[in-house]
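Dear colleague,

Please find below the structure that I am handing over to you.

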Amino acid sequence: MWRRCFFVRQAIAISVVIPTLNAAARLAACLDALVGPTVDALVREVIVVDAGSTDATRDIADGFGARVFDASPGRGGQLRLGAETASSTWLLFLHGDTVLSDAWARDATAFMETGAPAAVFTLRFDARGIAPRLVASGAMLRTRIFKSPYGDQGLLVSRDAYDDIGGYRDMPLFEDVDIIKRLIKARGRGAVSVLSAHATTAADRYERNGYGRQVLANMWRVARFNAGVSPEKIAARYR
């Protein structure tokens, strides 16, 4: 589908970049949320950068008409490669297990017309109960107060702002934390807006490890990173 829309030209257009590794379970839902905006010519292309999936990830991406590229494992490097091949004035970085709500295109269009540099979506988890709602609410509180969203909220950023800060770095972890810090340093604390449309992401790790335990683990890893511990060292422990 995106191949048919590739040559559409308009003032505001989005290239979506999705890093994947064995993402078949949720990738179809992720891509399906992009189909309507593609027909409307808001999404110019979808770029899937795959790090060696052994499931049906590549077949699903190809079936939706996405452009598929190969990369070494590492989300930062995958995102960087995808951005290098993108052709639009706006970039939307999205995890393969994240599904945007129906209102996302409307909210994104209104935001891009303001000329602001970047935005993230409002987080939700694909699980029911009090724990996932509390964790998502806490994440949004952190986003609004401390200006520190994570990658599962997506990142919509203008090509100019992205290129100005040098884009994603090839990092094994915290590429999302790193790019937000550099955006804020370059453009100020108001550089990253929050859209009301939802990004619903997988809660598998929280369900498996326990919500409280996973939140504390995430906080500890980010604190170590902010204290100067190398992402490679943290990633080795993480794995």
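Is E45 buried or exposed? E45 is buried, its relative accessible area being 1%; here buried means under 20% relative accessible area, exposed over 50%, and partly exposed in between, with a 1.4 Å probe and protein chains only.

Two remarks on the basis of these notes are needed. The model is predicted, so local features need pLDDT of at least 70 and side-chain atom pairs count only at pLDDT 80 or more, whereas totals for chains, interfaces and linings use all residues. Residues are numbered from 1 along each chain as its sequence is written, and side-chain values use heavy atoms, with hydrogens and water left out.

Salt bridges

The structure holds 10 salt bridges, each defined as a side-chain nitrogen of Lys or Arg within 4 Å of a carboxyl oxygen of Asp or Glu. In one of them, E45 pairs with R67 at 2.8 Å, N to O. This pair links distant parts of the chain, with R67 in strand β3 (residues 67-70) and E45 in strand β2 (residues 43-50), 22 residues apart. Strands (E, at least two residues) and helices (H or I, at least four) are DSSP runs, numbered from the N terminus. R67 is partly exposed, with a relative accessible area of 26%.

A further salt bridge joins D126 to R26, with the closest N and O atoms 3.2 Å apart. Here too distant parts of the chain are linked: D126 is in the loop between β6 and α6, R26 is in helix α1, and they are 100 residues apart. Both residues are partly exposed, D126 at 39% and R26 at 25% relative accessible area.

R80 and E84 also meet in a salt bridge (3.7 Å, N to O). Because they are four residues apart in helix α4, about one helical turn separates R80 and E84. R80 is partly exposed at 32%, while E84 is exposed at 55%. Salt bridges with shared partners also join R26, D126 and D204 into one network.

Pockets

The largest pocket has a volume of about 1300 Å³. A pocket is an open set of points on a 1 Å grid over the protein atoms alone, where a 1.4 Å probe fits, with protein on both sides within 12 Å along at least five of seven lines; lining residues have an atom within 4 Å of a point. Grid points are joined across faces, edges and corners, and the volume is the space filled by probe spheres set on them. Of its 37 lining residues, R75, H95, L173, R205 and Y238 lie nearest the centre. Elements that each supply at least two lining residues include β1 (14-20), α1 (24-32) and α4 (75-85). The lining has 16 nonpolar, 10 polar and 11 charged residues; Ala, Val, Leu, Ile, Met, Phe, Trp, Tyr, Cys and Pro count as nonpolar, Asp, Glu, Lys and Arg as charged, and the others, Gly among them, as polar.

The second largest pocket has a volume of about 440 Å³. It is lined by 23 residues, with R142, S148, Y150, M219 and V222 closest to its centre. Two or more lining residues come from each of β6 (118-125), α6 (130-146), α8 and α10.

Strand residue T122

T122 lies in strand β6 and is buried, at 12% relative accessible area. A polar atom of its side chain is 2.7 Å from the backbone oxygen of L195.

With kind regards

Conventions. A polar contact is a pair of N or O atoms within 3.5 Å; within protein, one must be able to donate a hydrogen and the other to accept it, and residues adjacent in sequence count only if both atoms are side-chain atoms.
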